[in-house]
Amino acid sequence: MSNYLYEVWICFLAGAGAGIGTGFAGMSAATVITPMLVTFLGVDAYDAIGIALASDVLASAVSAYTYARNKSIDIRNGLVMMVSVLVMTTVGSWLSSLVPSSALGNTSVLMLVLLGLKFLILPVTSTRRTMEGESLAIRVLKGILGGSVIGLVCGFFGAGGGMMMLLVLTVVLGYELKTAVGTSVFIMTFSALTGAVSHVAMGSRPQPDLLVLCILFTLGWAQVAARIATRASTLLLNRMTGAVLTVLGVVLIVINYC
């Protein structure tokens, strides 16, 4: 297999995993793309995060549109969290530029496995906790604090922001799962855009062909996954996403350390 075809194949696999994770569970595409590019193509981790965040923009936007068509998105109540996410994503991107490339790459692989196991062992099932007993000030404070943590993680690692957002929306703010996923990908559209622009502004120079391939493959798979997700059971979505991420993470660890 030629070097170019090998790159296309790796980008296809990375885009497939990222798109499925984005469409099914509102996860950041960077959770999959970053370790794949670092491990198989030897891309610098900081540049790989920039590519992953750029791929996340259109994928998340398309997924959000699909969820919105099915009335599974809450834009108004997600705006407060989105502002916090955007601000802290920029801070996280700056901090990640100060960390050695190898440390970022290894952390991405570890996070991939942990997220996969989380889906398999402790699936995020539908929850309908009432928010009526809380004051507006408390809900705003929760949104600001949750968004700040999410943005920092997303900008620093280029991964994990979507999953953390899903947990905050369901466990802390009481969203039903599919509405949480729809709201998550809506916010991730803008946080990923902010992170990608920040990475480029701070020196990231991603390889153009890898950037285009990852964007296209992630976009296509995210659209397919989002359409399936709006019709499938939440438990099935957790199991499928968890299995894909866990297997992929174990493979990457074996390749890196064996």
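A residue counts as partly exposed when its relative accessible area lies between the buried limit of under 20% and the exposed limit of over 50%. This cut-off applies to the legends below, which show a predicted model.

**View 1. Phe-12 and Phe-217 form an edge-to-face aromatic pair.** The ring centres are 5.3 Å apart, with 90° between the planes. Phe-12 belongs to helix α1 (residues 3-25) and Phe-217 to helix α9, so the pair ties together parts 205 residues apart in sequence. Phe-12 has a relative accessible area of 28% and is therefore partly exposed; for Phe-217, also partly exposed, the value is 22%.

**View 2. Phe-12 also pairs edge-to-face with Trp-221.** Here the centre-to-centre distance is 6.1 Å and the angle between the planes is 65°. Trp-221 lies in helix α9, so this pair links parts that are 209 residues apart in sequence. Trp-221 is partly exposed, at 31%. Trp-9, Phe-12, Phe-217 and Trp-221 make up one aromatic cluster.

**View 3. Helix α3 (residues 45-69) bends by about 25° at Val-57.** With 25 residues at 1.5 Å each, α3 should span 36 Å, and its end C-alpha atoms are 36 Å apart, which agrees. Of the 25 residues in α3, 19 are buried.

**View 4. The two ends of helix α3.** At the start, a side-chain oxygen of Asp-44 comes to within 3.0 Å of the backbone nitrogen of Tyr-46. Just after α3, Lys-71 adopts a positive phi of about 55°.

**View 5. Confidence along the chain.** The mean pLDDT is 80, and 84% of the residues reach 70 or more. Where pLDDT is low, the predicted coordinates should not be read in detail.

Definitions and conventions. Residues are numbered from 1 along each chain as its sequence is written. Side-chain values use heavy atoms; hydrogens and water are left out. pLDDT is the predictor's confidence in each residue, from 0 to 100. Helices (H or I, at least four residues) and strands (E, at least two) are DSSP runs, numbered from the N terminus. The expected span of a helix is 1.5 Å times one less than its number of residues. The bend at a residue is the angle between axes fitted to the seven residues ending there and the seven starting there. Buried means under 20% relative accessible area, exposed over 50%, partly exposed in between (1.4 Å probe, protein chains only). A polar contact is a pair of N or O atoms within 3.5 Å; within protein, one must be able to donate a hydrogen and the other to accept it, and residues adjacent in sequence count only if both atoms are side-chain atoms. Rings of Phe, Tyr and Trp (its six-membered ring) pair if their centres lie within 6.5 Å; planes under 30 degrees apart count as stacked, over 60 as edge-to-face and the rest as tilted.
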